[in-house]
Number of protein chains: 2
Amino acid sequence: MDRKAAEIGALENENETQQDKDQEEQVVNPWEVSAKEGGKIDYDKLIDKFGCQRLDPSLIDRVERLTSRRAHIFLRRGVFFAHRDFNDILDAFERGEKFYLYTGRGPSSEALHLGHLIPFMFTQYLQEVFKVPLVIQLTDDEKFLWKNLTVEECRRLARENAKDIIACGFDIRRTFIFSDFDYVGGAFYRNMVEISKRVTCNQVVGIFGFIGEDHIGKYSFPPVQAAPSFPSSFPHLFSGKDNLRCLIPCAIDQDPYFRMTRDVAPRIGYHKPALIESLFFPALQGETGKMSASDPNSAIYVTDSEKDIKNKINKYAFSGGQDSIEKHRQLGANLEVDIPIKYLSFFLEDDAELEHTKKEYGAGRMLTGEVKQRLIEVLTKLVERHRRARAAVTDEMVDAFMAVRPLPNMFN
Amino acid sequence: MDRKAAEIGALENENETQQDKDQEEQVVNPWEVSAKEGGKIDYDKLIDKFGCQRLDPSLIDRVERLTSRRAHIFLRRGVFFAHRDFNDILDAFERGEKFYLYTGRGPSSEALHLGHLIPFMFTQYLQEVFKVPLVIQLTDDEKFLWKNLTVEECRRLARENAKDIIACGFDIRRTFIFSDFDYVGGAFYRNMVEISKRVTCNQVVGIFGFIGEDHIGKYSFPPVQAAPSFPSSFPHLFSGKDNLRCLIPCAIDQDPYFRMTRDVAPRIGYHKPALIESLFFPALQGETGKMSASDPNSAIYVTDSEKDIKNKINKYAFSGGQDSIEKHRQLGANLEVDIPIKYLSFFLEDDAELEHTKKEYGAGRMLTGEVKQRLIEVLTKLVERHRRARAAVTDEMVDAFMAVRPLPNMFN
């Protein structure tokens, strides 16, 4: 799993099916996100294809009402834009029933970029306002299976990434973080096997595009990511609570795993997990290019210095501004393709300022340099805050979050 | 896994590949053992097809020399008749290096029949004469995946079967019994994933005959049976002993799992597991028929009473004797198809008596009834001894054998 708002780019081509290639359609699966040649991801089409629903304003209003808090910026700005049965979660919550959150990350790299933070920032908000428990799966097994890394390296990266995740502000009284290589077993393994008995080879080929030359590790993995959707996978947390609902915040490229999971759920006696799904976070070079996620200049990392951020934004962030100041003053910026505006819409909290910036920039009264300057300030502050928080995360805290333990106050 | 000397019969037809069907060849895989139409299993052909080696008399002599004990009846009578690298195990043992034994059982039924006991009786002998540790895998997950049973029922059967296994006389100081549903996890799971990364979907389709409609539980299972072949799957036993060799006593239908395992072993830094493989134990109705293993009248169960045994042998054991006493006295019995003689060759310890019986019966001087009478005595004694031993196995003993614990004296 890599439930990041993935950078758009051909992460791994091998899973693209021939059919997809022939039609030159956009490809969105857990290992590849690429738009139709020269275009952007068509999210309406994706919603249609996947069969999920758009998160409409009335649902966001309802969240505000139920939580007595202004909706998170990622809801207001449509970063989390699609869902499955999120309304059922809210119905249940309104009746006084609790639920639990489940998200995760495939720990394949030392440093996270901004896109990786998005589901965690949003999940932290959900945990805080709904006061519910959260399980975070680090799929070190998946990364071992898909990447050229050793088991030990994947386990090490899982712990390193756990520090970045903890730095997002999760509540230790309500949060259990686990690595598959350490936690799989017992009730969790039994659920993996229950799930794997209900999914055929043809189905995973259809859903994930696996081919005959792929190793069976790939075929075995989807039940590992499915299992945390069922409360009985965590007997130390949810013993006797088989009826507890699960809400999964993730980027929409993870939808295939959970479509599969939702198909299995009622057949083994559980609620279908609900989903709330985000857009992909664009690369600095823009939403159209096929940029590799491993290109350090395509993203802002949480380890980037102020100078790195300034340099990357000024040098690489694709601008919708015009070629000359004269032309810009005359025509204004094309906000549809402008990366600084996109990034600000993810991270600039102040709605009024964002609207003002878009208006002025779009009308040519504000220049690219000014918008980039504001973005550099916003991101530097965000990254600096994350860096301080991460530096405060000790190995003991990682052990504490990852300890298999009951959470007696998780619903209080 | 069902490392029994399986009754010959179509246990599950669904895994027979079209190719096998077209050629009407014998089919031997972990889920089906069936001879060519109207014939017997051709073991020479099987050895050729699988690529293992015949266990020749010089190897048996060597076992006797190294252990200072007469070879087990199953070696003398050719019940264990094939091997892979058993000579390497003996070479290492001669150099003073130890090894460990690994066998197992798929716990799908309450009561074991005689065929199920064969690998355990033989493994108990190997443990005793070589003084080596033993791991016994109860593949309750496999049985759940292949049969219409619940997880809990499979776990219960695993514990019940463990009692029968313990009753075979294993040494608790050298024996670890585990159920997959309970033990899979940690180092064992990490090895499962290491293995699954090195086996393609095409390979398991070729080896096991899985089809697209099969669930992915089947595709995921072979690494579970492979993992115990590597010492690091048992850190509580073999920590720091990654170089320890493994010897697997099993029926030859399990060979496909371990061919796969042996292919993977050197690529992840381990010795290939060695194998010593048995014939299949024939059904009462004979070696040619396609009898279901679930037909209670096709086998002697360890729960059968003296009366049951007498009745089954007299009524169902296929006789090679002639239709009339006159003809029998004249032509003698056809020992090749005679089930009482087959069974005696598995279980009558006294070589001289067996030779005498075969000679007299083959010459028509002994009648079927007399041979059956002797077999009834032998089996009644065997079953009675097993029943007494099993009755003495308490739940505490099962817990003790299945406890994840170090075995400090396992090599002494």
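Visitor: Let's start where the chains meet. How many salt bridges are there between chain B and chain A?
Guide: There are two salt bridges between chain B and chain A. A salt bridge here is a side-chain nitrogen of Lys or Arg within 4 Å of a carboxyl oxygen of Asp or Glu. This is a predicted model, where local features need pLDDT of at least 70, side-chain atom pairs count only at pLDDT 80 or more, and totals for chains, interfaces and linings use all residues. Residues are numbered from 1 along each chain as its sequence is written, chains are lettered from A and ligands numbered from 1 in the order in which they are written, and side-chain values use heavy atoms, with hydrogens and water left out.

Visitor: Which residue of chain A does R190(B) form a salt bridge with?
Guide: R190(B) pairs with D182(A), and the closest N and O atoms are 3.5 Å apart.

Visitor: What area is buried between chain B and chain A?
Guide: About 3,000 Å², with carbon and sulfur atoms giving 62% of that. Buried area is the accessible area (1.4 Å probe) that two parts lose on being put together, summed over both. Y189(B), K197(B) and I216(B) supply 24% of what chain B buries against chain A, more than any other three residues.

Visitor: And how many residues are in contact?
Guide: 37 residues of chain B are in contact with 37 of chain A, where contact means heavy atoms within 4.5 Å.

Visitor: Last one: at what angle do α18(B) and α19(B) pack?
Guide: The angle is about 170°, with the axes 10 Å apart. Axes are lines fitted to C-alpha atoms, for helices over the stretch in contact, and angles run from 0 to 180 degrees between N-to-C directions. The two helices are therefore roughly antiparallel, a label for angles over 145 degrees. Residues making the contact include I341(B) and L344(B) of α18(B) and Y361(B) of α19(B).

Conventions. Helices (H or I, at least four residues) and strands (E, at least two) are DSSP runs, numbered from the N terminus. Angles under 35 degrees count as roughly parallel, over 145 as roughly antiparallel, 65 to 115 as roughly perpendicular and the rest as oblique.
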